[in-house]
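Please keep the sequence and the structure in view while reading.

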Amino acid sequence: MKKIINKFSSANRLSISVLLMAVLSGTPALAQKAASASNQPVFTQFTYQGNDRIYENNPLKEGEFYSPILQGCYPDPSIVRKGSDYYLVVSSFSMVPGVPIFHSKDLVNWKQIGHVLDRSSQLKVEKAGISEGIYAPDIKYNQHNNTFYMITTQLAAGMGNMVVKTQDPAKGWSDPVKLKFDGIDPSLFFDDNGKAYLVHNDAPPPGKEIYRGHRVIKVWEYDVEKDAVIEGSDRIIVDGGVDITQKPIWIEAPHIYKKNGKYYLMCAEGGTAGWHSEVIFESDAPKGPYKPAANNPILTQRYLPKDRNNKVDWAGHADLVEGPDGKYYGVFLAIRPNEKGRVNTGRETFILPVDWTGEFPVFENGLIPMKPKLKMPAGVTNQTGQNDFLPNGNFNYTDDLTASSLHYRWIGVRGPRENFITSSKEGVKIKPFPVTIKATEPTSTLFCRQQHASFEATVKIKYNPQTEKDLAGIVCYQKESFNYVFGITRKGKDLYLVLERTGQGKSTVIGSEKIASANGILLRVTAKGDDYTFSFAADGQQFTNIGGTVSGDILSTDVAGGFTGALIGLYATSANDVVIP
């Protein structure tokens, strides 16, 4: 991926609990903000419904499942197998907790079992841009010490490349060990003889850069006892890409595999947009030399007509694993742009079977237009959306937000959600921070991912803002400088609902309406591809639109830049800067 290198019985006890967590997490400023907030909106009855036409037109038949397997902003997947258990991790950037981790027995039915980076000693993204933070996590299992490793690059607070470990991915991970090498996208390889190696993307040696996007892949020997690369053992094993005379860009996301005594190096090449691809190399030794396959790339959508139907694009950044049926499979990122080419759902996690009957692996149907349905591995039953497995397709869910521990789908950005939420039988209460959604710092916003191009999200809110500085409602968020705010505030003594659009850091009020009360009002955002509408129902039934139909362009990666998909947020602030005309 192309990176930027430059349950308590009283409310009082709950409040004390939140403040203690903020202090213990090393964020006293947030604790002070939470302590000073007195006006708390209550959100409940959140409903989400996906309405994508591709699923309506392609219903599943017996023995089929949908790809992507993780819809919405779940990019840069890495997968590992231990026995009959599969674990998958993805990038999280500045989202908190960091690195969602999923478990499956069959590659079809997945459950999220938590996050790898779930405390402040592991994650330092308080001042990071939305597309900084955690890049390209790699998960591996070392049979020689019965240990799982998650290695990643944290572009925040000087953390850099780091590794965490555990013997049970469902029971928490160690504090990070910082690794002493430059570059990004590190990946570990544990050989049969107990030796370990680390590969990563790096810049060419000083004075050797030939063109913009010129990168190299390095390999190091890795000391498992010390969790460190062995100084002086590094070697460049790929310079530029498959063929440097063609000036390939952004060779990255390397993984080493071993099969039949041979070593295989698989990398992404071409940057994480329209020229993205996956390429493969072979060697007799883990440190090379590596020769590229003659049939590279082994996965890409870049040569296909731009106007194809049900378009899947930007495919690459892959990882391989042997499936329960003995066949290989590859997980990778790709996008599904809407009718105007927008990428609001972001980079998602897809899966394809891989043919490795020959010398090199090749993604089956990875060079032709991808279909939304795949045949399941032999003996597997599709349970998506049942028995606590993640849903897929046009799913819906309802969350009354009263649980003492919220679902893993709910996250913060740059700071823990525990710093500003309290659970109650009425719903989740949000303590407003004196910062707005436009700040590059933690905000009091509870997010979930937009997982469909067309969707409807509704929430019930009870709120009585005291001044014009108080605002609470829904946000649609791509980043701090590209978002919609649909909230309740005051103009003088009157209550208002207001819709504000922010693009490239410039904010404009699109519409507003005076309301009598916000004691149980419903707020709704609806998207039909690029067309978004925001509406409210004071009586819980009849919805009134504010601002007409607006474009979702500012929620798209190709407009806003960066690597994340759009988020839907339940937002509160005590520093409102939306001015109602």
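In which strand does glutamine 112 lie?

## Basis of the model

The model is predicted, with local features requiring pLDDT of at least 70 and side-chain atom pairs pLDDT 80 or more, while totals for chains, interfaces and linings use all residues. Residues are numbered from 1 along each chain as its sequence is written, and side-chain values use heavy atoms, leaving out hydrogens and water.

## Glutamine 112

Glutamine 112 belongs to strand E7, residues 110-117 (strands are DSSP runs of E, at least two residues, numbered from the N terminus). With a relative accessibility of 12%, glutamine 112 is buried (under 20% relative accessible area, 1.4 Å probe, protein chains only).

A polar atom of the glutamine 112 side chain lies 3.2 Å from the backbone oxygen of glycine 114. Beyond neighbours within four places in sequence, the contacts of glutamine 112 (heavy atoms within 4.5 Å) are Pro100, Ile101, Phe102, Leu390 and Tyr408.

## Nonpolar cores

The largest nonpolar core, in which Phe46 and Leu570 have the most contacts, holds 50 residues; such a core is a set of buried Ala, Val, Leu, Ile, Met, Phe, Trp, Tyr and Cys residues joined through side-chain atoms within 4.5 Å. Apart from it lies another core of 40 residues, including Trp110 and Tyr264.

## Cysteines

Zero disulfides are found in the whole structure, a disulfide being a pair of cysteine sulfur atoms within 2.5 Å. For cysteine 448, the nearest cysteine sulfur is that of cysteine 476, 9.5 Å away. Cysteine 448 is buried at 1% relative accessibility, and cysteine 267 is buried at 0%.

Methods: Helices (H or I, at least four residues) and strands (E, at least two) are DSSP runs, numbered from the N terminus. A polar contact is a pair of N or O atoms within 3.5 Å; within protein, one must be able to donate a hydrogen and the other to accept it, and residues adjacent in sequence count only if both atoms are side-chain atoms.
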